[in-house]
Amino acid sequence: MSALQELLASFPDGMRASIATLFSRYHFSESQKLEIAKDEADLRQWKEEPFFSIADYNALDARKDGRKGEAYILQLRQYMNALRTCETDYSSFFPSVHPRLKYKTTEVDKPIVPGRCPCPVDGEKTRCCKLTTIDPVQQCAFSCSYCSVQAFYSEKEIHVVSALNEKLRNLQLSPDIWHIGTGQASDSILLGDDHGTLTALSDFASQHPDIVIELKSKSARDVFSGRKYPRNMVFTWSLNAPTIIEKEEHLTASLKGRIENAMRARDNGSLVGFHIHPMVYFRGWEEEYGNIARIIESEFSPMDICMISIGTLTFTKSVLRLLRENGEESKVLEMDLTPAAGKFSYPLSVKEKMFSHVFSSFSKPFRDSVFFYLCMEDPSLWRPVLGREYSCDREFEMDMKKHYMDKVKGAMTHVS
């Protein structure tokens, strides 16, 4: 089945019939038909009127040049461009939440195989920190509308690697590995220590004091009461504007809940970090993202924080296709989908404006004492946003390592 046929098959019967009528009314190429279907899928997700119901058919039918199909495409592009290039308006958007099916959590005998972060190879199009990844848990019970994890794993099961302690103990690591992330395939503290995952990671961190183990979460689950973690086991939270959490990050903890959980981690002696990511260009973004910076600075000292990263939405072609076929109500694709390092994201001008605003919302003393970086972003953005840049990935990685290790060694090591 072609991409066009699969997308049309995902539409309700009435919508599919209307598009079929449109295709029979005017002449369109196959690529134009796919463009129409994609745009109608987006409008459906955004809860906007389908364009086939509001097009100016009188003007189209009055044409005598035999190019009515091309004229329709031009109308459609102008309409979509007007929606995509302005700040997304969430004020009247109240999506029907489609919670994931109740998950069965299953322990599976899978090997632990170190992977790499999803930046493009060689770092020419993004500046990459060369993060190593491991996936002790696969699949997530949260329901973020932009998430790609759902595309890779069974929708009904969360898999937890069994005998994790033994597998980590026997893991063969390259000597240049110093930073391992665990939040690529699931939320790192979603399951707490229900299956011994945190205990195994804690033991692994104790055995490798020169490796930073980073956990990443959108959860408010308390995994800190009554236990300590090694200092090189860093807990980080993805933070977003309250509007985006409410409208797009379904079933996750609120901003307040995430901050309070980070405070519990800090009070328990752990280093914390924050990923202000993925930023969304919506009406009111300046105030809400600026407020995140103010909250962080008011509740945490620079010595509490290992890092703060900034980044925005990026989509692969396969994820775009999946989101459109799912048809869940979301406005994350109401953006100017600009090619970016083999994916699609905001134009650089929009990114520079958003990232600069967040960075400048922190005081200069705070900025000077915390390691900030741009996550999977174009190297040209670094200097105008952060006031510094790196000539290559290796230079970035080594600077990150120095700052992380300075924070890790800045206090007595805690042993779980």
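**Entry 1**

I looked up an open sheet of three strands and found the order β13-β15-β14, with antiparallel pairing. Strands here are DSSP runs of E with at least two residues, helices are runs of H or I with at least four residues, and both are numbered from the N terminus. Two strands pair if DSSP finds at least two bridges between them. The edge strands are β13 (314-315) and β14 (338-340), each of which pairs on one side only. I then followed β14 to β15 (residues 343-345): three bridges join these antiparallel strands. Pro 339 stands opposite Phe 344 in β15.

I record the basis of these notes here. Residues are numbered from 1 along each chain as its sequence is written, and side-chain values use heavy atoms, with hydrogens and water left out. The model is predicted, so local features need pLDDT of at least 70 and side-chain atom pairs count only at pLDDT 80 or more, while totals for chains, interfaces and linings use all residues.

**Entry 1. The eight-stranded sheet**

I next traced an open sheet of eight strands, in the order β2-β3-β7-β8-β9-β11-β12-β16, with mixed pairing. At its edges stand β2 (115-116) and β16, each with a single partner strand, so one side of each lacks a neighbour in the sheet.

Within this sheet I examined β9. Five bridges join β8 and β9 in the parallel sense. Lys 216 has Thr 236 in β9 as its bridge partner, and Glu 214 stands opposite Val 234 in β9. Strand β9 also runs parallel to β11, with five bridges between them; there Phe 235 stands opposite Val 272.

How many residues of strand β9 (residues 233-239) are buried? Seven of the seven are, so the strand is largely enclosed by the rest of the structure. Buried means under 20% relative accessible area, exposed means over 50%, and partly exposed lies in between (1.4 Å probe, protein chains only). In a regular strand the side chains alternate between the two faces of the sheet. I found Met 233, Phe 235, Trp 237 and Leu 239 buried on one side of β9, and Val 234, Thr 236 and Ser 238 buried on the other.

**Entry 2. Helix α2**

I checked the length of helix α2 (residues 13-25). At 1.5 Å a residue its 13 residues should span 18 Å, and its end C-alpha atoms are 18 Å apart, which agrees. The expected span is 1.5 Å times one less than the number of residues.

The buried residues of α2 are Met 15, Ile 19, Leu 22 and Phe 23. They cover an arc of only 100° around the axis, which puts them on the same side of α2; the arc is that of the directions from the helix axis to the C-beta atoms. The face turned away from the buried side carries the exposed residues Asp 13 and Ser 24. I noted that the buried residues of α2 pack against α1 (3-9), α3 (30-45), α4 (57-61) and α5 (68-84).

Not counting residues up to four places away in sequence, Phe 23 touches Leu 8, Phe 28, Lys 33 and Ile 36; contact means heavy atoms within 4.5 Å.

I looked up the largest pocket, with a volume of about 1200 Å³. Of the 49 residues that line this pocket, the closest to its centre are Ser 148, Gly 183, Gln 184, Lys 216 and Met 376. On a 1 Å grid over the protein atoms alone, a pocket is an open set of points with protein on both sides within 12 Å along at least five of seven lines, a cavity is a set where a 1.4 Å probe fits but cannot get out, and lining residues have an atom within 4 Å of a point. Grid points are joined across faces, edges and corners, and a volume is the space filled by probe spheres set on the points.

I counted four cavities of 30 Å³ or more. The second largest cavity holds about 50 Å³ of space, and its lining includes Pro 136, Thr 182 and Leu 201.

Most residues other than glycine have a negative phi, and most peptide bonds are trans. I found the peptide bond from His 277 to Pro 278 to be cis, with omega near -5°; Pro 278 is in strand β11. Gln 139 has a positive phi of about 100° although it is not a glycine, and at 0% relative accessibility Gln 139 counts as buried. Ala 163 also has a positive phi, of about 50°, but Ala 163 is partly exposed, with a relative accessible area of 44%.
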